[in-house]
Amino acid sequence: MGQYRVDLSVPSPARMYDWFLDGAFNYEADRAACEELLKRAPTTRALARNNRWFLERVVHALADEYGVRSFLDFGSGLPTQNNVHQVAQAVTPDARVVYVDNDPVVLGHGRSLLDANANTAIVAGDMRNPGSVFAAPEVKRLFTNDQSTSAPRAALFISVLHCVKDVEDPAGIVRQVTSRLSPGDYVAICHLVSDNRDLRDSVTDLMQQETRGNWGRVRERHEVEAIFEGLKVLGPGLVDVTDWRPDSELRKHLRSVEWLEYGGLAQIPVPETVSH
């Protein structure tokens, strides 16, 4: 898949997210960008935490209630507490997880964490090129060609599609991925949105400048809803992820104000059988 170079003087969305979660895998440029972002959107730390809690809840639900045993996590970010494989394997120890990222720091730390876990891998890949991702041996071994179970699979796009430019077609990326899945499989998506145009423009401009173009834009809710076109959205629907089946009233009241993560869980429709 090629080699990915790292320039630690350029902020990374993954490392910025790590800083907001009080992680240790971030650098001066990332922290400076976060501080600037907080000037424009002061409740961004709450937003990051709400997004992480949504990830934990949706993965647990997929493993526990929907029987998912194989996960493909696009733009997985840096390892922190309660990663996808930890949540899923706490429900079922044989759950298989493949993380996909193109940040060299993410790849390095992820591999050191996952070396001893035979059912989990991280691959160097770009979600904007799903064909290359699905060609990776680890994806074939743990996700695509897993014949050990007939259980459904799930693809995760958690807080990553706003890094994709309009010309790169975020909805088209999701369609390319779902076309490689099967009816009955699942897709979880959340995306940064704001109803405030000035905020959308301000944050988008900042992130594009700070990351040197490695960013798409903050979008509106209807644009995220369009990404789910053709999928069966499951309850409670598309919502502020703080309201997606909250497991704590305390967490539910920790809200971001200027912007939010919007999305939910969907299933690839199963064709209806026609009875004669």
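Where in the structure is the place of His162? In this predicted model, in which residues are numbered from 1 along each chain as its sequence is written, local features need pLDDT of at least 70, side-chain atom pairs count only at pLDDT 80 or more, and totals for chains, interfaces and linings use all residues. Side-chain values use heavy atoms, with hydrogens and water left out.

His162 sits in the loop between β4 and α8 (170-178), where helices (H or I, at least four residues) and strands (E, at least two) are DSSP runs numbered from the N terminus. With a relative accessible area of 3%, His162 is buried, a term that stands for under 20% relative accessible area with a 1.4 Å probe and protein chains only. Leaving aside residues up to four places away in sequence, His162 touches His191, Leu192, Trp215, Gly216, Arg217, Arg219 and Glu261, contact being heavy atoms within 4.5 Å. The side chain of His162 also reaches the backbone nitrogen of Leu192 at 3.1 Å.

Helix α7 (residues 137-144) has Val139, Leu142 and Phe143 as its buried residues. They cover an arc of only 95° around the axis, which puts them on the same side of α7; the arc is that of the directions from the helix axis to the C-beta atoms. An α-helix has 3.6 residues a turn, so residues three or four places apart point the same way. The buried residues of α7 pack against the strands β1 (70-74), β2 (96-101), β3 (120-124) and β4 (153-158), and against the helix α6 (130-135).

On a 1 Å grid over the protein atoms alone, a cavity is a set of points where a 1.4 Å probe fits but cannot get out, whereas a pocket is an open set with protein on both sides within 12 Å along at least five of seven lines, and lining residues have an atom within 4 Å of a point.

| Space | Volume | Lining by class |
|---|---|---|
| Second largest cavity | about 50 Å³ | three nonpolar, three polar, three charged |
| Largest pocket | about 900 Å³ | 23 nonpolar, 12 polar, 10 charged |

The lining of the second largest cavity includes Leu47, Asn50, Arg255 and Glu261, and α3 (44-64) and β8 (260-267) each supply at least two of its residues. Of the 45 residues that line the largest pocket, Ser12, Pro13, Ala14, Cys163 and Asn214 lie nearest its centre, while α1 (13-20), α3 and β2 each supply at least two residues of that lining.

How values were computed:
Buried < 20%, exposed > 50% of the residue type's maximum accessible area, 1.4 Å probe, protein only. Points joined across faces, edges and corners; volume = space filled by probe spheres on them. Nonpolar A, V, L, I, M, F, W, Y, C, P; charged D, E, K, R; others polar. Polar contact = N/O pair within 3.5 Å; in protein donor to acceptor, adjacent residues only side chain to side chain.
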